[in-house]
Amino acid sequence: MSDERPDLAAMLHPLLRALIAAELPVLAEHDVSMWGYAVLTALDDTPVRTQAALAEAIGADKSRIIGTLDELQDAGLIERTPDPSDRRVRLLSITPKGRRVRRAVRKDIRVHEDRILAPLPAADRQAFLRAIRHFYDTR
């Protein structure tokens, strides 16, 4: 039996492009970058992290996120406080405003995701989301 399907990356690429294209206007509407949203999501899931731990968690270079953290702090979405045990280290936390922005962005993104997934029958949508979740949870 020959399986002539395209490679997974080739099949997922159009979906990823559509998802990113749907997210960009939402992020712009809330004045948050893609990296900013990743930071807010990570901090909302785990309230206090060092900059180094955060960078590792979101797959970013430590030096790459400094500008993003500056923007988020200037907007009042996160706080960076010195670690009492090591003043060279900054502890990060999301502010109530940051939590509201993160949740609003997620809600708006889900509307677009639902539109993109709508052509699938409900059972297929749920199976697809379960499968994607499996890979996300085991990363």
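## Starting at Thr68

Leave out the residues up to four places away in sequence, and Thr68 touches Ser33, Trp35, Gly36 and Val39. Thr68 itself is found in helix H4, which covers residues 62-74. Is Thr68 buried or exposed? With a relative accessibility of 7%, Thr68 counts as buried, because the cut-off for buried is under 20%.

One thing to keep in mind from here on: this is a predicted model.

## The chain as a whole

Stepping back, the protein chain has six helices and three strands. Read from the N terminus, the elements go α-α-β-α-α-β-β-α-α. The C-alpha atoms fill a box of roughly 60 × 35 × 25 Å, taken along the principal axes. Of the contacts with a separation of 6 or more, 52% are between residues 24 or more positions apart.

As for the surface, the protein chain exposes about 9,400 Å², and carbon and sulfur atoms supply 57% of that area. Buried residues come to 27% of the 139 residues. On the charge side, there are 22 positive and 21 negative side chains, and the centres of the two sets lie 4 Å apart.

Now for the strands. What order do they take in the sheet? It's an open sheet of three strands, ordered S1-S3-S2, and the pairing is antiparallel. S1 and S2 stand at the edges with a single partner strand each, so one side of each has no neighbour in the sheet. Helix H2 (residues 34-45) packs on this sheet and touches S1, S2 and S3. The direction of H2 makes about 95° with that of S3.

Going pair by pair, S1 (residues 49-50) and S3 (residues 86-94) are joined in the antiparallel sense over two bridges. On that side, Thr50 has Leu91 in S3 as its bridge partner.

How many bridges join S2 to S3? There are six, with S2 (residues 78-83) and S3 running antiparallel. The two strands form a hairpin, with two residues between them. Along this pairing, Arg80 stands opposite Leu92 in S3, while Thr81 stands opposite Leu91 in S3.

## Ile78, a buried strand residue

Ile78 has its place in strand S2. At 2% relative accessibility, Ile78 counts as buried, since anything under 20% falls in that class.

Which residues is Ile78 in contact with, once its neighbours within four places in sequence are left aside? The list is Leu40, Leu43, Leu69, Leu72, Gln73, Ser93, Ile94 and Thr95. Take Leu40 from that list: Ile78 and Leu40 are 38 residues apart in sequence, yet their C-alpha atoms are 7.8 Å apart in space.

Note on methods
Residues are numbered from 1 along each chain as its sequence is written. This is a predicted model: local features need pLDDT of at least 70, side-chain atom pairs count only at pLDDT 80 or more; totals for chains, interfaces and linings use all residues. Side-chain values use heavy atoms; hydrogens and water are left out. Two strands pair if DSSP finds at least two bridges between them. Helices (H or I, at least four residues) and strands (E, at least two) are DSSP runs, numbered from the N terminus. Contact means heavy atoms within 4.5 Å. Axes are lines fitted to C-alpha atoms, for helices over the stretch in contact, and angles run from 0 to 180 degrees between N-to-C directions. Buried means under 20% relative accessible area, exposed over 50%, partly exposed in between (1.4 Å probe, protein chains only). Accessible areas come from the Shrake-Rupley method with a 1.4 Å probe; for residues, only the protein chains shown count as cover. Lys and Arg count as positive and Asp and Glu as negative; His and the chain ends are not counted. The place of a charge is taken as NZ of Lys, CZ of Arg, CG of Asp or CD of Glu.
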